[in-house]
Amino acid sequence: MKQMFIGGRWLPARDGRTIPVVSPADGEAFDQIPRGTAHEVDLAVAAARAALEGPWGCLAPTERGRILVKIGEAVLAHKEELAQIEARDTGKPMSTARNDIVVLARYFEFYGTAADKVHGETIPFLAGHQVSLLREPLGVTAHIIPWNYPAQMLGRTVAPALAMGNATVLKPAEDTSLSALRFAEIVTAAGLPEGALNIVTGLGEEAGAALAAHPGIDFISFTGSNEVGTLVQQAAAKNAVKCVLELGGKSPQIVFDDVDAARAVPIVVRAIVQNAGQTCTAGSRLLVQRSIHDRFTAQVAEAFAKVRVGTPAMDLDCGPVMNPAQHRRVQRYIDGARAAGIPVLAEGSIAPDVPQTGYWIKPTLFGPVPRTAALACEEVFGPVLAAMPFDDEADAIRLANGTDYGLLAAVWTENAGRLHRVAKAVKAGQVFMNCYGAGGGVELPFGGTKRSGHGREKGLLALEEVSSTKTLVHYHG
Ligand code: NAD
């Protein structure tokens, strides 16, 4: 049974309650994590505050950066072990889990080496005055993350906060807390002072809600569903705390008639089936110019039909979905689209020898999907791709922007002018041109527009989100 990591110590929940850890590949519980509550959140916030006032807060940026770089190295040294933990906890294929651990390490390397390169400015002002702008940490930062990429999300949100000198409290998803807890042991060995990172495990509505509403936090980063994001933002507003929200997406692949199909097809398929479609940036809408719609979707269908689903050890294209609720949700979208008569263009296959008790979904390509269908507008968060034809550039842009979301988009055309026009017109935090970049890319600022959220993570811009400025005005005569 696992314990929580608070103030450098390992603790069970005060009332001893636990949450079972279930493998999505067979539905079997194989461990327990503590069911932390407001009490443990109080302890974690106090430990973080103490760290800011203690050894962690006294470190020079270069020293902080060195510790972060060491953490990245330690993560790589434990890559195989962490990948095994992550794969068992999430059900994802081993090679995907290995990649996730490499990305986790990369976040610490990137932000560790950036820690002493963030500086303030001077500002010209009245005669006899000297004005400088300091960049400072916010204080205690709270981080609530989902279950789809537990290790990557940890790195994405915690590493920049630590690099700027904040002290952090992380609430991993209740389904997938194991890699974060093992990471905490690794971090201690790499020399992170106690209280700089605290991990409270527990349910969203208990530990998560208590953390979001805690008066002792100075910032909150939330990645997850729109429903919970709204609650988190309301809680942050009550304490006038800055909040970054990374929510859902319904990202379009916009394919014009001059596409390099040989290059595009495998990328289009991978962008929806990777992580069993449980990726906020999944390319879940395939918008294809009408003149090539049937030909191009037939090529996608051929590749899609080769997608194979299996256990982490089988290491196929994707694994099961995360939990029974997610399984019901994705299957409901598939059944609903079939019942509505939307044609199935291709299905992947589930390996015959997977445990029958796992949460398996057959990847499915539908098309043409009516523009008003649920599949065309709502986030499925599963391996389901909706193909739709468009007429011309203006229609493509209208269709691409026709959902509540605006997280990612891709444009596929050999016409450079069109590539840039469409990329500028699409509402999204990132647009890929003749490529697609879900996951990884720690250098690239990332985040949503519209209902996909606000604020930026990744890249150097993330450091601005987790810091504040102070203007010093000095009259020297
Ligand atoms: P979720 O919102 O249910 O849970 C996310 C996290 O919030 C978990 O840690 C959970 O314990 C916590 N939580 C739940 N209720 C809470 C509450 N009342 N107060 C505070 N915290 C609470 O989302 P999920 O089901 O875990 O993840 C799937 C969703 O997340 C999808 O909609 C997906 O698009 C989105 N997502 C977005 C991104 C992104 O970067 N934009 C990344 C991954 C997932």
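What follows is a short chat about a predicted model and some of its local features.

Me: Before we dig in, what kind of model is this, and which pLDDT do local features need?
Reply: It is a predicted model, where local features need pLDDT of at least 70 and side-chain atom pairs count only at pLDDT 80 or more, while totals for chains, interfaces and linings use all residues. Residues are numbered from 1 along each chain as its sequence is written, and side-chain values use heavy atoms, with hydrogens and water left out.

Me: Thanks! How many disulfides does a search of the whole structure find?
Reply: The search finds 0, where a disulfide is a pair of cysteine sulfur atoms within 2.5 Å.

Me: Is Cys318 buried or exposed?
Reply: Buried, at a relative accessible area of 1%. Buried means under 20% relative accessible area, exposed over 50%, and partly exposed in between (1.4 Å probe, protein chains only). Cys243 counts as buried too, at 11% relative accessibility.

Me: Switching to helices: how do the axes of H4 and H5 cross?
Reply: Helix H4 (residues 79-90) and helix H5 (residues 94-114) have axes that come within 8 Å and cross at roughly 120°. Axes are lines fitted to C-alpha atoms, for helices over the stretch in contact, and angles run from 0 to 180 degrees between N-to-C directions. Helices (H or I, at least four residues) and strands (E, at least two) are DSSP runs, numbered from the N terminus.

Me: Which residues make that contact?
Reply: With contact meaning heavy atoms within 4.5 Å, H4 brings Lys79, Glu80, Leu82, Ala83, Gln84, Glu86 and Ala87, and H5 brings Met94, Ala97, Arg98, Ile101 and Val102.

Me: Now the backbone. Which peptide bond is cis, from Gly367 to Pro368 or elsewhere?
Reply: The bond from Gly367 to Pro368 is cis, with omega near -10°. Pro368 sits in the loop between strand E17 (364-366) and helix H13 (374-377).

Me: What about phi of Asp315?
Reply: Phi is near 55° there, a positive value in a residue other than glycine. Most residues other than glycine have a negative phi. Asp315 lies in the loop between strand E14 (308-309) and helix H12 (324-339), and counts as partly exposed at 29% relative accessibility.

Me: And Lys458, where is that one?
Reply: Lys458 is in the loop between strand E23 (453-454) and helix H16 (461-465). Its phi is positive, about 70°, although it is not a glycine, and Lys458 is buried, with a relative accessible area of 5%.
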